[in-house]
Amino acid sequence: MPCPALPDGFDFTDPDVLHRRVPLPEFAELRRAEPVRWIPQPGNVAGFQDEGYWAVTRHADVRYVSTHPELFSSSLNTAIIRFNEHIERDAIDAQRLILLNMDPPEHTRVRQIVQRVFTPRAIRALEERLRTRARAIAAHARDRSGPFDFVTEVACELPLQAIAELIGIPQDDRAKIFDWSNKMIAYDDPEYAITEEVGKESATELIAYAMNMAADRKECPAKDIVTTLVAAEGEGSLRSDEFGFFVLMLAVAGNETTRNAITHGMHAFLTHPGQWELYKRERPATAAEEIVRWATPVASFQRTATRDTELGGKQIRKGDRVGLFYASANHDPEVFGNPDVFDITRDPNPHLGFGGGGPHYCLGKSLAVLEIDLIFNAVADAMPDLRLVGDPRRLRSAWINGVKELQVGTG
């Protein structure tokens with residue numbers, strides 16, 4: 001029986017849906033009535049030669065799929081739930097070289113290498129530099145005359161600098177990384193007039209840039225993280241192409257997602273003034289996690305069933321695609337008290353904004369939490385009277401909960 005509140009033909013991956021809003025009422029109806037539901041997709045609109053996907057909306061089911069890679073593959077169809085209908089299958093398969101789209105044991109090998117980037121020691125070594133940058137970003141924004149775009153002036157800068165610092169990208173090259181990453185994820189938004197071909201070219205340029213870095217370090221090792229990742233012999237190092245795809249993943253997973261979490265977080269504070277006053281007064285350590293839960297920058301990823309199985313009372317066939325809707329899981333009332341309330345003191349907060357656990361749990365979680373904490377501390381100090389000037393302008397995307405522009409002002 002169809003859910004009464006879900007219109008015929010409603011597709012959670014339709015870019016026009018996230019362009020308008022996160023479909024929380026529809027998610028709530030599915031969690032109540034049909035937590036695992038088949039969503040038909042006529043005409044191969046997602047780029048896959050199939051007829052649709054299963055929408056998984058409950059927290060427990062999203063976690064189950066995430067923690068059982070032997071049943072639900074990231075590699076077979078990649079983790080991206082919707083491509084362009086004109087994409088070639090070869091272009092989808094090429095993305096299996098990205099860590100996000102690997103399965104064990106290859107995923108295990110690569111992750112064991114790249115996780116050296118995100119050790120507590122490595123993150124601590126960045127903290128003071130990032131704190132200084134966060135304060136400079138907030139001070140520069142404060143000193144502007146008139147309203148400004150919070151996305152470009154504040155939110156985008158620290159995540160970009162953090163990733164660049166982490167892997168040693170020179171300051172003069174950092175704007176290129178930002179531009180390439182934007183173009184890779186913006187092909188669904190007509191305002192940017194970016195074709196899938198331009199996105200592909202940007203990915204190629206970023207990979208080539210990173211591969212050149214790797215080749216340089218292999219030739220002339222230095223005391224930096226790139227050398228650590230690529231210069232060792234045998235299984236303990238990345239090939240140059242593997243390093244290239246790792247940097248590509250960082251540019252999107254580390255840069256874009258944290259930027260959007262910061263933007264959504266600022267909007268949440270300014271539309272919940274009591275929470276902003278509380279934050280300015282007490283600076284609770286729990287705030288960053290609630291911002292990520294509330295924002296859920298990656299609205300969904302997917303897995304593909306490796307064999308016939310059952311989930312949420314539904315029979316999932318081998319080869320079926322399964323959509324993991326993190327935005328829904330993060331509003332599941334079976335897990336979160338008052339899930340539709342923005343509460344920066346929420347504790348515990350077992351949100352799935354960094355993934356549902358398992359092998360693909362976000363490598364950079366500790367860095368993202370640090371960035372969010374640093375930038376909001378800096379904004380609260382420099383611009384305690386920040387106010388909204390206009391509504392956020394949302395990105396048109398099938399799977400990223402993005403904001404293109406958020407006009408704010410001081411005074």
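Predicted model: local features only at pLDDT ≥ 70, side-chain atom pairs only at ≥ 80, totals over all residues.
Pairing involves strands S1 and S8. Strand S1 (residues 36-40) is joined to S2 by 5 bridges, and the two strands run antiparallel. In this pairing, Val-36 stands opposite Val-56 of S2. Strand S8 (residues 321-325) is joined to S2 by 4 bridges, in this case with a parallel course. Here Tyr-53 lies opposite Arg-321 of S8. In a regular strand, side chains alternate between the two faces of the sheet.

The second largest pocket has a volume of about 350 Å³. Its lining consists of 20 residues, of which Val-22, His-264, Trp-294, Arg-394 and Asn-401 are the closest to the pocket centre. At least two lining residues come from each of helix H12 (240-271) and helix H14 (287-295). The greatest contribution to the lining of this pocket is that of H12, with 4 residues. By residue class, the lining of the second largest pocket comprises 8 nonpolar, 7 polar and 5 charged residues.

Arg-396 is located in the loop that lies between strand S10 (393-394) and strand S11 (403-405). The relative accessibility of Arg-396 is 18%, and this residue therefore counts as buried, the cut-off being under 20%. A polar contact of 2.8 Å links the side chain of Arg-396 to the side chain of Asp-16.

Notes:
Residues numbered from 1 in each chain as written. Heavy atoms only, no water. Buried < 20%, exposed > 50% of the residue type's maximum accessible area, 1.4 Å probe, protein only. Polar contact = N/O pair within 3.5 Å; in protein donor to acceptor, adjacent residues only side chain to side chain. Pairing = 2+ DSSP bridges. 1 Å grid on protein atoms, 1.4 Å probe; cavity = no way out; pocket = protein on both sides within 12 Å on 5 of 7 lines; lining within 4 Å. Points joined across faces, edges and corners; volume = space filled by probe spheres on them. Nonpolar A, V, L, I, M, F, W, Y, C, P; charged D, E, K, R; others polar.
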